[in-house]
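Here is a short report for a first look at this structure. Keep the view open as you read.

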Amino acid sequence: QVYNRSAVKGAAASSVVSAPSLPTYTHVPEYRDISVANNSAYINKYDLYVPDAPVPTSGRPAVVVIHGGGGNDGDKADGREMQACQEFASRGYVALSINYKRSFQTRSTGKWTVAWPQNIKDAKTAVRWLRANAATYGIDPNRIGAIGFSWGGNEAAMLALTDGDPVLDPSAEDGLGSYSTKVACAANFYGAVQIPDYHNMN
C-alpha cells in the first residue's frame, strides 16, 4: 500500500489526497525459489521481482536484498524482505531476495557450525547472478546495489568493502567467476559490524 506523506495545509486539508499510482511488478511462480548451485554441498534459492514497465534505454537498476536473522535464522521470503522487494520493483528496480548459508547448532552436542565466510560468498554469487542474467531482465550491470537488514546489513556492507578480495570472492565454485562481485552502493540497516561481540550486545 502506498501512502502520500506530503503535509497538507489550509482548505485542502479537509480533502482527500490521492497517492500517486506506481508501476506494477511481476513475481510469478517461476521467479520464486530460483535454484543457484554455489558448490557441491548445497543449493541456494532466490526470489526475483521484476518491474512490468518497459526496460528503459539505460537499463534497469537492480538490488540484492539480504535477510536478517543473526546469521543463523531468517529467510528471503520474510515479510520485511518481501516488502522491500515490492517497494523496489514498484519503482523500477529489479529486486533479488536471497538466501545464504546459515550457521547452525547441533542440539545433541551444543556445538555451533559457523557459516562464515561462505555466507558472504553466497551474497557475492547473487551479484554475479544478476550480471549473468542482465540481458534477460533488462539490468544495467553497472547499477547493482545491495541492501540488508540486521545480519543482512553486515553482508551488504561487506559486499561494498570487499570487492575482489581473494579470500571472500567465490572462486570457481559458483560457475560465474567471469562476472564481477562489485556493487555500486550498499545500505546497512541496523547490522552489527563488530562481529566478535555480535551476540553479546545489549
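## A strand and its partners

Val-65 stands opposite Ser-97 in β5. Strand β4 (residues 60–66) runs parallel to β5, and 5 bridges join the two. Strands pair if DSSP finds at least two bridges between them. Helices (H or I, at least four residues) and strands (E, at least two) are DSSP runs, numbered from the N terminus.

On β5 there is also antiparallel pairing, with strand β3 (residues 42–51), over 4 bridges. Here Tyr-46 has Ile-98 of β5 as its bridge partner. β4, helix α1 (residues 79–90) and β5 form a right-handed β-α-β unit. Right-handed means that, with the strands pointing away from the viewer, the path from the first strand over the helix to the second runs clockwise.

## How the model is read

This is a predicted model: local features need pLDDT of at least 70, side-chain atom pairs count only at pLDDT 80 or more, and totals for chains, interfaces and linings use all residues. Residues are numbered from 1 along each chain as its sequence is written, and side-chain values use heavy atoms, with hydrogens and water left out.

## Burial of β5

Is β5 enclosed or open? Strand β5 (residues 94–98) is largely enclosed by the rest of the structure, because 5 of its 5 residues are buried. Buried means under 20% relative accessible area, exposed over 50%, and partly exposed in between (1.4 Å probe, protein chains only). Val-94, Leu-96 and Ile-98 point one way from β5. Ala-95 and Ser-97 point the other way.

## The whole chain

The chain has 4 helices and 9 strands. From the N terminus, the order is β-β-β-β-α-β-β-β-α-α-β-α-β. Of the 202 residues, 44% are buried. Among contacts (heavy atoms within 4.5 Å) with a separation of 6 or more, 72% join residues 24 or more positions apart.

## Two partly exposed loop residues

Trp-116 lies in the loop between β7 (112–113) and α2 (118–132). Trp-116 counts as partly exposed because its relative accessibility is 39%.

Tyr-179 sits in the loop between α4 (151–161) and β9 (185–189). Tyr-179 also counts as partly exposed, because its relative accessibility is 33%. Leaving aside neighbours within four places in sequence, Tyr-179 is in contact with Arg-128, Arg-131 and Ala-132. Tyr-179 and Leu-130 are 49 residues apart in sequence and 9.4 Å apart in space, C-alpha to C-alpha.
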